[in-house]
Amino acid sequence: MTRAIVLVLDSFGIGAAPDAERFGDAGADTLGHIAAACSRGRCDGSLQGPKTGPAARQGPLALPNLGRLGLFHAHRESTGAWAEGVEVPTEVIGAYGHAGEISSGKDTPSGHWEIAGVPVRFDWGYFLDREESFPPELLAALIREGELPGVLGNCHASGTEIIARLGEEHMASGKPIVYTSADSVLQIAAHEESFGLARLHALCETARRLLEPYNIGRVIARPFVGQSAADFTRTANRRDYSVEPPAPTVLQKLCDDGGEVFAIGKIADIYAHCGVTHTLKASGHDALMDATLAALDEAGERSLVMTNFVDFDTLYGHRRDVTGYAAALEAFDARLPELLAKLRDDDLLVITADHGCDPTWHGTDHTRERVPVLALGAGLAPGSLGARDTFADIGQSLAAHLGLAPMADGTSFIASPPQPKPPQPDPLAA
Ligand SMILES: O=P(O)(O)O[C@H]1O[C@H](CO)[C@@H](O)[C@H]1O
Ligand SMILES: [Mn+2]
Ligand SMILES: [Mn+2]
């Protein structure tokens, strides 16, 4: 059975990328800084993060299962040092490496598309001004076509901070909150009940259309509920409106070749629904893992199961919540054995990330980092895969494993499955 399972731990970087300086991220290290904070007793006790997060934690960062797959070894090869306080396993069972990104941006779509074999070589459009971020004519068109009394925000912001600051004014005025970040993105936050969820989604579709001349990667709907600044909470009805990848990804190639692609969580939205045969939505890491396990029960020959674990990024990385990030990693690690137990001999499992989001870093944006490449199965020998120049090595390996024609980018770290030998002429035949 030839299947592939890709788990993207959204924002789980393992050390600054060689070009991190260009992004103001030299020295960022999502895993290393979380481990150091845990080891120094700064992540003990109750969590400051969202109430829906994992339970309180204590002590050094404990990731025994990711460690056995080679996570700490990959981090050491990336940074030159063991993560502080972690227990390095005596035996590694996986093939491990670290990969740099060649895409121009450190955003989620670029990272995912590069993982799937299609780096983004062009420059996205960005709204660089921190205040008055959006062109007046764009906002005027959004107000006109959305039949709005106006908009609030119009700045760079953290999504949770801006709803606390402007949410009450939004509810009183009916003006949605429009904001951006260092990513190529326009986000619209609105109250699910007072503004309406369907209306927010329709407004985001309008924004998507109006943004065509601006080369912006994503529009994101950010609905929230609650009565006042003290209790506004974002809901699971977030929706991402991404442009399509610039070339067919390995997901698309597998679909075109008759295979199946199970897109779990945000995956379908991130690939603009290109190259997806089954879409499974779930909210929260436990539900995402449950959906992944269920997909594995269903997935047949030549299928790809791909899951994005978004909470690392959205609930902890952007929120600069080190304790929450550590607890979420430990909770994820604790569920890995269930997944490993379901793997068949010919399955290829890859655990990776799409960028960093160091919760100890300044600001609230992503960080330009190398990502882990932890691979298991498909005849891979345990040990180092070394430094990979591009996330596209994953896409190339998936193509090889799934019997697809090679992708334009990336170097496979696995051998292609043996091809049937062409018939040989019979030497004894006349
Ligand atoms: O602060 P919030 O709303 O979570 O937004 C963050 O999430 C977006 C997508 O990852 C990023 O562009 C960043 O702005
Ligand atoms: Mn991401
Ligand atoms: Mn993010």
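**View 1. Ile 394 and its contacts.** Leaving aside neighbours within four places in sequence, Ile 394 is in contact with Ile 115, Val 350, Thr 352 and Val 373. Two residues are in contact if their C-beta atoms, placed from the backbone, lie within 7 Å. Ile 394 is found in helix α13. Helices (H or I, at least four residues) and strands (E, at least two) are DSSP runs, numbered from the N terminus. Ile 394 is buried, with 28 other C-beta atoms within 10 Å. A residue is buried if 20 or more other C-beta atoms lie within 10 Å of its own, exposed if 12 or fewer, and partly exposed in between. The C-alpha atoms of Ile 394 and Ile 177 are separated by 38 Å, and the two residues are 217 apart along the chain.

This is a predicted model: local features need pLDDT of at least 70, side-chain atom pairs count only at pLDDT 80 or more, and totals for chains, interfaces and linings use all residues. Residues are numbered from 1 along each chain as its sequence is written, while chains are lettered from A and ligands numbered from 1 in the order in which they are written.

**View 2. Helix α4 and its cover.** Just after α4, Gly 117 takes a positive phi of about 95°.

View 3. The 14 residues of α10 (residues 285-298) should span 20 Å at 1.5 Å a residue, and the end C-alpha atoms are 20 Å apart, which agrees. The expected span is 1.5 Å times one less than the number of residues. Buried in α10 are His 285, Leu 288, Met 289, Thr 292 and Ala 295. They cover an arc of only 120° around the axis, which puts them on the same side of α10. The arc is that of the directions from the helix axis to the C-beta atoms. Asp 297 and Glu 298 are exposed, on the face turned away from the buried side. The cover over the buried residues includes β9 (260-264), β11 (303-309) and α12.

**View 4. Helices α10 and α12.** The axes of α10 and α12 come within 11 Å and cross at roughly 10°. Axes are lines fitted to C-alpha atoms, for helices over the stretch in contact, and angles run from 0 to 180 degrees between N-to-C directions. The two helices are therefore roughly parallel to each other. Angles under 35 degrees count as roughly parallel, over 145 as roughly antiparallel, 65 to 115 as roughly perpendicular and the rest as oblique. Residues of α10 including Met 289 and Leu 293 meet residues of α12 including Phe 332 and Leu 339.

**View 5. Helices α1 and α12.** The axes of α1 (residues 30-39) and α12 (residues 322-342) come within 10 Å and cross at roughly 100°. The pair is therefore roughly perpendicular. Ile 34, Ala 37 and Cys 38 of α1 make the contact with Val 322, Tyr 325 and Ala 326 of α12.

**View 6. Two loop residues with positive phi.** His 273 has a positive phi of about 65° although it is not a glycine. His 273 sits in the loop between α9 and β10. Arg 302, in the loop between α10 and β11, has a positive phi near 55°.
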